[in-house]
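Subject: Structure for your review

Dear colleague,

Please find below the structure that I am handing over to you. My notes on it follow the sequence and coordinates.

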Amino acid sequence: MATFALIPAAGSGTRLAGGAPKQYLPLAGQPMLWHAVRALCVPQVAAVFVVLAAHDEQFARQDWEAFGAKLHPLYCGGETRRDSVFNGLVAVRDSVNADDWVLVHDAARPCLPRADLRRLMDEGAADSVGAILALPVADTVKTAGKDEAGVQRIAATQERSQLWLAQTPQMFRAGLLTQALSRCAGATDDAAAIEQMGLKPRLVLGSRQNLKVTYPEDVAIAEAILARTL
Ligand code: CTP
Ligand code: MG
């Protein structure tokens, strides 16, 4: 059984408000996507597929030489993350077997530590369903409701001990994930599609270092982490 990586990188980065797709935002001297690819270019991963928007012009302008023949761009991104991952899986169907593992990893997580990836691959490969990196919630969580004046007020405090934040990579068999995503329209991660099939993916402890760059203030944190670990 081989292991492949698939990086959805066809988003538009609207919450970062940079005016440009955030996967190409320079971080510590390289585009954010470069760091995400680097994190997955390990000997155990046979190939890294990157799903780009059909009209992407920036990928071809960057230097990917460091990754040699392992990196394969696919110009088949879709409307949503789910569509991009699904289109990518369909595009590689001839080179990836249904039983092979696929590590789906967001281009927006450029700081994935080697130790987290290793833990995920070790625990995931031993699991019949698959696994994701995740973190127990540290903050107290409230649900909100608006009062008559439209002010947001606390409706309830959630029991925190069972809440985890889903990260990526998320590791599933290519065939199962393709089937799960084909049936499911609204998932914001891959595990949600698997869950909708009635399966229970394993939670593997991640780290806060593996943050998702979503808002402008995340950029400086990611740069600081990369400056320390590169
Ligand atoms: N993504 C994708 N195709 C889409 C939407 C998102 O491949 N149609 C990818 C993004 O490029 C990113 C990952 O999915 O690597 C996680 O998405 P997110 O962090 O939400 O990135 P964006 O969608 O680009 O940002 P925003 O939601 O703020 O617009
Ligand atoms: Mg998005």
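The notes below go from the whole chain to single elements and residues.

Please bear in mind throughout that this is a predicted model.

Overall form

The chain has 230 residues and a radius of gyration of 18 Å, which agrees with the value near 17 Å that a compact globule of this length would have. Along the principal axes, its C-alpha atoms fill a box of roughly 60 × 40 × 35 Å. The secondary structure consists of six helices and 11 strands. Of the 230 residues, 48% count as buried. Among contacts with a separation of 6 or more, 70% are between residues 24 or more positions apart. The chain exposes about 11,700 Å², and carbon and sulfur atoms supply 50% of that area.

Helix H2

Helix H2 covers residues 81-91, and its buried residues are Arg82, Asp83, Ser84, Val85, Phe86, Gly88 and Leu89. Which elements do the buried residues of H2 pack against? Their partners include four strands by name, S1 (3-9), S4 (48-52), S5 (71-74) and S6 (101-104). Two helices, H4 (174-183) and H5 (190-195), are also packed against by these buried residues.

Trp164, Leu203 and Leu205 make a nonpolar surface patch of about 270 Å². Leucine 203 belongs to strand S11, which spans residues 202-205.

Backbone geometry

Two places in the backbone deserve a separate entry. As background, most residues other than glycine have a negative phi, and most peptide bonds are trans.

The peptide bond between threonine 168 and proline 169 is cis, with omega at about 5 degrees. Proline 169 is located in strand S10, residues 164-173.

Alanine 28 is not a glycine, yet its phi is positive, at about 50 degrees. Where does alanine 28 sit? Its place is the loop between strand S2 (26-27) and strand S3 (30-31). Is alanine 28 buried or partly exposed? Alanine 28 counts as partly exposed, because its relative accessibility is 32%, and the buried class requires a value under 20%.

Yours sincerely,
A colleague

Technical notes. Residues are numbered from 1 along each chain as its sequence is written. Chains are lettered from A and ligands numbered from 1 in the order in which they are written. This is a predicted model: local features need pLDDT of at least 70, side-chain atom pairs count only at pLDDT 80 or more; totals for chains, interfaces and linings use all residues. Side-chain values use heavy atoms; hydrogens and water are left out. Patches are made of residues with over 30% relative accessible area and no salt bridge: like charges are joined within 9 Å, nonpolar side chains (Val, Leu, Ile, Met, Phe, Trp, Tyr) within 5 Å. Accessible areas come from the Shrake-Rupley method with a 1.4 Å probe; for residues, only the protein chains shown count as cover. A salt bridge is a side-chain nitrogen of Lys or Arg within 4 Å of a carboxyl oxygen of Asp or Glu. Buried means under 20% relative accessible area, exposed over 50%, partly exposed in between (1.4 Å probe, protein chains only). Contact means heavy atoms within 4.5 Å. The radius of gyration is taken over C-alpha atoms; the globule rule is 2.2 Å times the number of residues to the power 0.38.
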